[in-house]
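Good morning, colleagues. Please look at the model on the screen; I shall begin with a pair of helices, continue with the sheet, and end with a loop.

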Amino acid sequence: MIYGAYSFLLIMVICILIVKFESSGNLPPLKDQSKQEIEGSISEKIWIEVNGLQQGMFIRSENPRNPVLLYVHGGPGTPMLQFISYLEKIKKPIALEKYFTVCYWDQRGSGMSYSRKTDASSMTIETMVKDTHEVTEYLKKHFEQNKIYLLGHSWGSYLGVKTIEQYPEDYFAYIGVGQISNQKKSERLAYYYMMDHAKRIADEETIATLKNFDPEEPLFPFIKEKGHQLDYLMARSNTLIKYGIGHLHEGLPEGLTFKSMVIKSLFSFKGYTISEKVKWFLGADFSMVHLFPVLLNDNLFVSSLSFDIPFYIVQGAYDYQVSQDLAREYLGALDAPHKEFILFENSAHSPNLEEPERFNLIMHKIDAQCRTQSN
């Protein structure tokens with residue numbers, strides 16, 4: 001018993017030391033294929049005051065003179081640089097930072113920008129748009145550029161649309177990845193697809209789980225009755241992942257689920273301190289509670305259809321977390337000086353992570369196209 005207790009204590013100490021070692025709070029430098037630091041590159045973590053609140057961001061670039069790209073993360077409330085960095089180590093793709101100076105901003109109430117002091121009443125789309133504008137202004141000034149690119153992923157695609165509506169003069173173009181349009185309808189489409197698929201493959205466990213929920217209830221999927229809300233969202237997320245129609249279609253290392261990989265990538269990410277890693281989880285819950293209903297109560301087919309800058313949608317063919325059919329339909333309905341739908345045949349909700357080389361080359365082409373049109 002004594003030896004067992006000592007062994008357990010030793011394991012705990014080792015785990016704590018490993019987590020502490022992996023939580024310096026500093027980003028590692030960008031390196032080339034020979035693992036040498038890229039001369040002139042930047043890989044930094046900074047804090048600025050945004051709309052009255054200290055907010056954190058990571059900025060990485062092989063060449064700071066490259067065009068600036070603001071990466072608006074999804075969730076709501078889930079910054080993903082740690083996951084992107086983890087996949088880079090596994091897949092070793094052409095990095096987005098080769099062509100762009102990329103700012104990975106942890107939004108209000110998310111990641112290292114989360115604070116218990118954040119007023120819940122400030123978690124509105126109006127505040128978030130103003131935050132995005134102020135971050136954009138900082139990047140323009142800091143890198144001495146008149147315009148930048150805005151990339152919005154998932155929830156970030158909703159925030160991105162609302163931002164470019166108000167501040168089109170700030171951006172060369174908008175790129176929506178996993179583009180939200182009418183999320184309430186998207187959630188119902190996903191439910192019916194999962195149920196039909198479960199029946200086709202005789203997945204009785206999933207059928208039994210989904211039968212507990214009625215997709216035609218007015219408040220679906222954000223049902224307020226105690227216990228039901230989290231139960232459905234958990235069942236929905238697990239089933240999306242199980243069928244390869246959620247965050248990723250394929251490509252996870254054997255034995256890892258998307259959730260376990262997010263956790264593993266977070267705790268091995270040196271850019272966050274230990275306390276900031278705890279904040280990541282707290283911020284994910286806080287932001288989801290306050291911002292997810294915003295998506296369900298808006299329909300971009302009605303509220304946001306006219307834009308003054310090029311509008312690109314990048315969507316995975318297997319995406320049911322945010323319907324790719326609705327995204328395509330939305331692009332057809334909106335007005336923009338140039339609009340383009342780009343389908344990734346081997347991806348679900350995150351083509352930038354699943355097919356990174358093609359994604360990054362497309363981003364490079366978008367930049368070249370936008371600069372040709374502006375000349």
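**Helices, sheet and loop**

The axes of helix α5 (residues 183–200) and helix α9 (residues 274–296) cross at roughly 90° and come within 7 Å of each other. Axes here are lines fitted to C-alpha atoms, for helices over the stretch in contact, and angles run from 0 to 180 degrees between N-to-C directions. Helices (H or I, at least four residues) and strands (E, at least two) are DSSP runs, numbered from the N terminus. The two helices, α5 and α9, are therefore roughly perpendicular to each other, a label for angles of 65 to 115 degrees, with under 35 counted as roughly parallel, over 145 as roughly antiparallel and the rest as oblique.

This is a predicted model, in which local features need pLDDT of at least 70 and side-chain atom pairs count only at pLDDT 80 or more, while totals for chains, interfaces and linings use all residues. Residues are numbered from 1 along each chain as its sequence is written, and side-chain values use heavy atoms, with hydrogens and water left out.

Which residues of α5 and α9 meet? From α5 they are Gln-183, Lys-184 and Glu-187, and from α9 they are Phe-292, Leu-295 and Leu-296; contact means heavy atoms within 4.5 Å. By class, this contact of α5 with α9 has three nonpolar, two charged and one polar residues. In this scheme Ala, Val, Leu, Ile, Met, Phe, Trp, Tyr, Cys and Pro count as nonpolar, Asp, Glu, Lys and Arg as charged, and the others, Gly among them, as polar.

I turn to the whole chain. The protein chain has 13 helices and eight strands. Of its 375 residues, 54% are buried, that is, under 20% relative accessible area, with exposed over 50% and partly exposed in between (1.4 Å probe, protein chains only).

Next, the sheet. Eight strands form an open sheet with mixed pairing, in the order β1-β2-β4-β3-β5-β6-β7-β8; two strands pair if DSSP finds at least two bridges between them. At the edges stand β1 (42–50) and β8, each pairing on one side only. On average, neighbouring strands of this sheet are turned by 20° against each other, direction ignored.

Strand β5 (residues 148–153) runs parallel to β6 (residues 171–177), joined by five bridges, and Gly-152 stands opposite Gly-176 in β6. Helix α11 (residues 324–333) packs on the sheet, where it touches β7 (311–316) and β8, and its direction makes about 165° with that of β8.

How is β7 placed among its neighbours? Four bridges join it to β6 in the parallel sense, with Tyr-174 paired to Phe-311. Six bridges link β7 and β8, also parallel, and Tyr-312 has Glu-340 in β8 as its partner. Six of the six residues of β7 are buried, so this strand is largely enclosed by the rest of the structure. Phe-311, Ile-313 and Gln-315 point one way, and Tyr-312, Val-314 and Gly-316 the other way.

Finally, the loop between β8 (339–344) and α12 (351–354) holds Ala-348 and Ser-350. Is Ala-348 buried or exposed? At 0% relative accessibility, Ala-348 counts as buried; Ser-350, at 1%, counts as buried too. Ala-348 and His-247 are 101 residues apart in sequence, with their C-alpha atoms 6.1 Å apart in space. Beyond four places in sequence, the contacts of Ser-350 are His-153, His-247 and Leu-248, while those of Ala-348 include Gly-244, Tyr-318 and Glu-354.
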